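Here is a short tour to follow with the model open beside you.

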Amino acid sequence: MSKPTPISGFLEWLPAQRYTEQLVLDIIREVFELHGFEPINTRAVEPVVRLTGKGGDADKEIYAVSRLAADEADKAEPGLGLHFDLTVPFSRYVIENAGKLTFPFRRYQIQPVWRGERPQAGRYREFVQADIDIVDVGELPFHYEVELPLVIADVFKRLPIGEFRIQVNNRKIPEGFYRGLGIDDIVGTLRIVDKLDKIGPAKVKELLVAEGVEDAAADKILALAAISTPDTSFVEQVRALGVEHPTLEEGLEQLRVVVETAAEHAPGLLVAELKIARGLDYYTGTVYETQLVGEEGYGSICSGGRYDSLASDGKRTYPGVGLSIGVSRLLAKLIGDGGLRTSRPTPTAVLVAVNDETSRAESMRIAAALRERGIPTLVSPKAAKFGKQIQFADRRGIPYVWFSGAGETGDQIKDIRSGEQFDADATSWVLPAADEQVRLEVAEASPAS
């Protein structure tokens with residue numbers, strides 16, 4: 001068989017890295033549940049007709065799904081595609097299960113998604129997202145738009161990721177501002193402005209003018225996008241630009257409340273960043289992006305917003321607001337560049353040595369006794385010399401090796417990190433607290449040569 005060819009954009013961790021990812025996911029899951037969110041899981045595929053038309057460049061990034069040996073009957077069925085986010089399938093899930101859900105419904109969902117985009121640093125074709133959403137029937141109270149970033153902040157404060165900043169805007173602000181300038185193509189203008197960080201103000205202005213926006217209006221659009229404040233002073237800065245529209249005023253007031261209320265609970269957490277647009281068209285109110293301070297060029301690690309009409313069955317509408325952590329994107333930076341790791345690279349805490357193959361049964365009984373008390377244990381794969389079995393444990397990152405019958409009165413266990421060896425009984429030995437709880441930590445950087 002020929003050597004496998006790597007496929008770009010599909011992330012596969014080594015075991016120690018995967019273990020780190022699992023601990024991060026456990027923390028995310030724990031925090032979500034502490035805040036009253038319930039888990040769901042949705043299918044990987046949706047009808048293409050449902051996935052298309054949801055905004056941005058997603059239409060061009062959908063992976064189509066079909067059977068290789070499809071017959072004519074299969075071809076006549078609606079086409080299927082892998083979901084590119086978790087919000088669109090969630091909206092369908094809400095509509096199908098509305099009679100079985102209790103509203104307001106608070107959901108969390110941790111699953112892979114797929115996008116057929118060009119792979120680059122932190123961007124993959126298959127990646128894991130961790131989402132929280134709150135949906136209600138008919139109307140969704142505004143206070144949830146303040147609550148969600150506080151939940152995300154709680155997650156990030158429990159992870160060794162350093163300083164972060166949640167940027168927030170309201171889609172009604174640019175929409176009302178553009179309408180006040182006499183611009184009708186709101187979505188097209190938003191998409192151009194959303195490219196600011198990639199192509200810069202001069203190129204954005206060039207694109208706006210090419211779409212028929214007057215030069216003076218383009219300058220005001222850029223001035224709006226340049227406003228960034230850690231407090232509510234953005235309101236007067238926007239009004240100073242001299243543009244008026246009822247939708248603009250509504251958006252300014254809603255964003256003011258979000259920033260002001262969040263400051264009471266987590267001062268400095270939110271920054272009003274009026275260039276934030278979010279490419280997906282289904283957002284209708286508050287929108288969020290989150291960046292690592294000092295790594296702004298890496299892009300957002302958590303984003304989302306409010307959507308009022310994504311989930312509707314024609315009779316009822318289920319407005320919602322959600323935030324999505326780009327888990328794979330975040331960990332690619334933290335593990336690859338930041339040295340994030342676990343306090344030991346494996347769940348296994350004890351390796352039970354095998355004296356010889358005739359005594360393997362005894363080693364297995366010892367392992368079973370340790371596992372019954374919740375101690376992760378592995379039996380040595382070979383009855384090699386003890387030195388080689390200790391080396392095996394060391395390579396795996398297993399801190400303890402158990403020796404059957406090594407003591408005068410019974411067994412002994414060795415901490416291979418310190419070299420200490422002492423008598424122990426499999427029915428009573430307790431794993432030290434420092435080794436019982438595997439922790440996330442950041443490796444110290446190697447000294448410069």
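## One side of a helix

Helix α7 spans residues 186-193, and its buried residues are Ile186, Thr189, Leu190, Ile192 and Val193. They sit on the same side of α7, because they cover an arc of only 160° around the axis; the arc is taken from the directions that lead from the helix axis to the C-beta atoms. Buried means under 20% relative accessible area, exposed means over 50%, and partly exposed lies in between, with a 1.4 Å probe and protein chains only. Helices (H or I, at least four residues) and strands (E, at least two) are DSSP runs numbered from the N terminus.

The cover over these buried residues includes α6 (172-180), α8 (196-210) and α9 (215-225). At the start of α7, Asp185 brings a side-chain oxygen to within 2.9 Å of the backbone nitrogen of Gly188.

## Where the numbers come from

The model is predicted: local features need pLDDT of at least 70 and side-chain atom pairs count only at pLDDT 80 or more, while totals for chains, interfaces and linings use all residues. Residues are numbered from 1 along each chain as its sequence is written, and side-chain values use heavy atoms, with hydrogens and water left out.

## The nonpolar cores

A nonpolar core is a set of buried Ala, Val, Leu, Ile, Met, Phe, Trp, Tyr and Cys residues joined through side-chain atoms within 4.5 Å. The largest one has 84 residues, and those with the most contacts inside it are Ile28, Phe32, Ile132, Ile152, Phe156 and Ile325. Apart from it lies another core of 20 residues, among them Phe90, Ile276, Tyr282 and Tyr283.

## A buried asparagine

Now look at Asn169, in strand β7 (residues 164-170). Is Asn169 buried or exposed? Asn169 is buried, with a relative accessible area of 0%. Its side chain reaches the backbone oxygen of Leu274 at 3.1 Å. Leaving aside neighbours within four places in sequence, Asn169 has contacts (heavy atoms within 4.5 Å) that include Pro174, Leu255, Glu273 and Ile276.

## An open sheet and its helices

Five strands make an open sheet of mixed pairing, in the order β15-β14-β16-β17-β18. Its edge strands, β15 (377-379) and β18 (421-424), each pair on one side only; strands pair if DSSP finds at least two bridges between them. Strand β14 (residues 350-352) runs parallel to β15 and is joined to it by three bridges, with Leu351 opposite Leu378.

Conventions: A polar contact is a pair of N or O atoms within 3.5 Å; within protein, one must be able to donate a hydrogen and the other to accept it, and residues adjacent in sequence count only if both atoms are side-chain atoms.
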